[in-house]
Amino acid sequence: MVKTDKPVDRETLYNEVWTDPVTVVAPRYGPSDVGLAKICRALAIPLPSRGYWAKVKAGRVMGRAPLPKLKTPGLVPTGLVKLPPEKAAVRQAARQSAAKIRKETPPLPPLEESQPSAAHPLVRAAAKRLKQRDSWPPDTLLRSAPKEVLHLAVTRDALDRALGITDALVKALIQRGFDVEVDGEHGATILKYIETGTRLEFALTEYIRRTRHKITPAEERARKRYWERSRWDNSVSFPHVPMYDYTPTGTLTIQIGRWPSRNWKDTPKTQLEKRLGEIVGGIVALAQETHAKEVEEARRKEAHRRAVERYEFLTKRREDEVERFKEVEARATDWERATRLRAFADAVEAQAKLAGELSPEYVEWLAWTRSKADWLDPLILVSDPILDAPEPKRPGYW
């Protein structure tokens, strides 16, 4: 699968968004529909108005808004890189599935109508644990116990609302083929897509506004009393003054997955309760995209493993071949040395015979030389009692 690293230019993107809807173009590059629209606005690329594609579908001939020129001459890159066709098809299918689920899933009913006894068992367990009065950090105001119950991190006032949203979301996801479990070892809530085995982490958190703490008159008086008493009483402790003040906002955020990941947050116009279908559809789409990423990653790892295995095989084969060649080359060299020694011994013997000097010492020397030649010759299996013996060890002092 080949992926080009060349970013598409501004003019090409303009032609694409006027040839197909943004919902069709976005999966080709990766960002969401909203993300692609933001990129187009940043590059001064006009987009079709609302109802444009419905009119085109009805058979009307529509004109394009012209592409304004920028001060920068030439082609302007957008930073977008086209995905391989396989990935683009997966993302397009996932977004179509998400859009269908969004239409089919009703919004969350008002929280006052929900009955705690009908809540999912994991939600009931989270409610019991997070409504305890003690064991909460005094500074951040958040209540959270992800190693014990569902991963919620909210203040006391937002707890009931967070539980209601989580209950509706968990039930909707179970209907869509998910299973929910608490991973106590890692302190995570896992959404498992049963069809593919894909696991996504879930968290619902509240944004807490943090501001620098201003010392109050009472705290200033406590500090003054400490300095006065500490001169003669070492048992007094310095009064604790927090560095920051934390203010609950009631703004909740749902975070799903790690990489890739999605999150949905309360907005001034629409809260999470009204976007249940969008969230469920997005989670299903994310599970499909994550599974495709896992499959691709597994394929890449397998291809890498095979490449490494092939490389190690070829490297080992080459090393073995080099060693074999060195061995035969060394044996040939030894054979040449043995042949040279024998020839030298023969020449010395012939010269001694001519001179009449073939004494017993010469005969012994010739035998010794020829035995060394036989020891060097790889074609003759013979050992030398001295050269093949272990190297003598130097004696110690004790």
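This is a predicted model: local features need pLDDT of at least 70, side-chain atom pairs count only at pLDDT 80 or more; totals for chains, interfaces and linings use all residues.

Residues are numbered from 1 along each chain as its sequence is written, and side-chain values use heavy atoms, with hydrogens and water left out.

User: How many cavities of 30 Å³ or more does the structure hold?
Analyst: A cavity is a set of points, on a 1 Å grid over the protein atoms alone, where a 1.4 Å probe fits but cannot get out; points are joined across faces, edges and corners, and a volume is the space filled by probe spheres set on them. The largest cavity has about 40 Å³ of space. With the cut-off at 30 Å³ or more, the number of cavities is two.

User: Which element gives the most to the lining of the largest cavity?
Analyst: Lining residues have an atom within 4 Å of a point, and here they include Leu169, Thr189 and Phe202. Helices (H or I, at least four residues) and strands (E, at least two) are DSSP runs numbered from the N terminus, and two of these elements, α7 (156-175) and β3 (188-193), each supply at least two lining residues. With four residues, the element that gives the most is α7.

User: What share of the 398 residues in the protein chain is buried?
Analyst: Buried means under 20% relative accessible area, with a 1.4 Å probe and protein chains only. By that cut-off, the share of buried residues in the protein chain is 32%.

Conventions. On a 1 Å grid over the protein atoms alone, a cavity is a set of points where a 1.4 Å probe fits but cannot get out, and a pocket is an open set with protein on both sides within 12 Å along at least five of seven lines; lining residues have an atom within 4 Å of a point. Buried means under 20% relative accessible area, exposed over 50%, partly exposed in between (1.4 Å probe, protein chains only).
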